[in-house]
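The sequence and the structure are shown first.

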Amino acid sequence: MAENETDGTRRDFLFISTAAVGVVGAGAAVWPLVDQMNPDASAQALASIEVDLDPIEEGQAITAMWRGKPIFIRHRTAAEVEQAKDVQITDLPDDQARLLGTTKSLPATDENLTKGDDNEKWLVLVGICTHLGCIPKGQRLGDTKGEFNGWFCPCHGSHYDTAGRIRKGPAPENMAVPPYDFVSPTKIKIG
């Protein structure tokens, strides 16, 4: 009987070893197929960007690119900030702050569209008209800023104010605010 027990143990060992090698081989064959579905380095690089705000003077605006979308960054003047704060929410066609990356439903006050009292002069928006996806004017010097001193989409006549809120025209929503944080007093990280 001792000989039959040894054969069974050898047989069990060979069976388990063969199964283990088969599982490892199948995993090695499948891994490249699974791994190729991960985003490549260029896509991961676009997941977040850092923007230096130091060179942007008061009253100026720049456009950065994030995930293939233009991001409007405006260093608002004190008058533009006050103009945005003075707007009554009930006067807005869209009274909701469009904050990307969150499910919070907040009113479209200037405070909810910027990062608090210390940074209220900085406005960061996805620079796409919410009507048909055009790029509104108002970023460059000499551009028309529309009736509310913000942005104007000449394609269909949408006017945005100094906080990126739709005030007049066919656009159904305010411009969206991308997820961003201040990493230093003069630098933001978007995404």
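## Aromatic pairs and charges over rings

In this predicted model, there are 2 aromatic pairs. One of them joins Phe 72 and Trp 151 in a stacked arrangement, with the ring centres 5.8 Å apart and 15 degrees between the planes. The partners come from distant parts of the chain: Phe 72 belongs to strand S3 (residues 69-75) and Trp 151 to strand S7 (residues 149-153), a separation of 79 residues. Both Phe 72 and Trp 151 are buried.

The ring of Trp 151 also has a charged neighbour, as the charged end of Arg 74 sits over this ring at 4.0 Å from its centre. A further contact of this kind involves Lys 115, whose charged end sits over the ring of Tyr 180, 4.8 Å from its centre.

## The largest nonpolar core

The largest nonpolar core comprises 32 residues. Within this core, the residues with the most contacts are Val 51, Ile 71, Ile 73, Ile 188 and Ile 190. At least two core residues are supplied by each of strand S1 (49-52), strand S2 (61-66), S3, strand S6 (122-126), S7 and strand S11 (187-190). The most is given by S6, which provides 5 residues.

## Salt bridges

The model contains 10 salt bridges. One of them is formed by the side chains of Lys 85 and Glu 120, at 2.6 Å from N to O. Because Lys 85 lies in helix H3 (residues 78-85) and Glu 120 in the loop between helix H4 (110-113) and S6, this pair ties together parts that are 35 residues apart in sequence. Lys 85 counts as partly exposed, because its relative accessibility is 31%.

Asp 161 takes part in salt bridges with two arginines: with Arg 165, the closest N and O atoms are 2.9 Å apart, and with Arg 167 they are 3.4 Å apart. Arg 165 and Asp 161 are both buried; for Asp 161, the assignment follows from a relative accessibility of 2%, given that buried means under 20%. Elsewhere, a network of salt bridges links Asp 94, Arg 98 and Glu 173.

## A nonpolar surface patch

On the surface, Val 30, Trp 31, Val 34 and Met 37 form a nonpolar patch, and their accessible area together is about 440 Å². Trp 31 is part of helix H1 (residues 2-35). This tryptophan counts as exposed because its relative accessibility is 54%, the cut-off for exposed being over 50%.

How values were computed:
Residues are numbered from 1 along each chain as its sequence is written. This is a predicted model: local features need pLDDT of at least 70, side-chain atom pairs count only at pLDDT 80 or more; totals for chains, interfaces and linings use all residues. Side-chain values use heavy atoms; hydrogens and water are left out. Patches are made of residues with over 30% relative accessible area and no salt bridge: like charges are joined within 9 Å, nonpolar side chains (Val, Leu, Ile, Met, Phe, Trp, Tyr) within 5 Å. Accessible areas come from the Shrake-Rupley method with a 1.4 Å probe; for residues, only the protein chains shown count as cover. A salt bridge is a side-chain nitrogen of Lys or Arg within 4 Å of a carboxyl oxygen of Asp or Glu. Helices (H or I, at least four residues) and strands (E, at least two) are DSSP runs, numbered from the N terminus. Buried means under 20% relative accessible area, exposed over 50%, partly exposed in between (1.4 Å probe, protein chains only). Rings of Phe, Tyr and Trp (its six-membered ring) pair if their centres lie within 6.5 Å; planes under 30 degrees apart count as stacked, over 60 as edge-to-face and the rest as tilted. A charge sits over a ring if NZ of Lys or CZ of Arg is within 6 Å of the ring centre and within 35 degrees of the ring normal. A nonpolar core is a set of buried Ala, Val, Leu, Ile, Met, Phe, Trp, Tyr and Cys residues joined through side-chain atoms within 4.5 Å.
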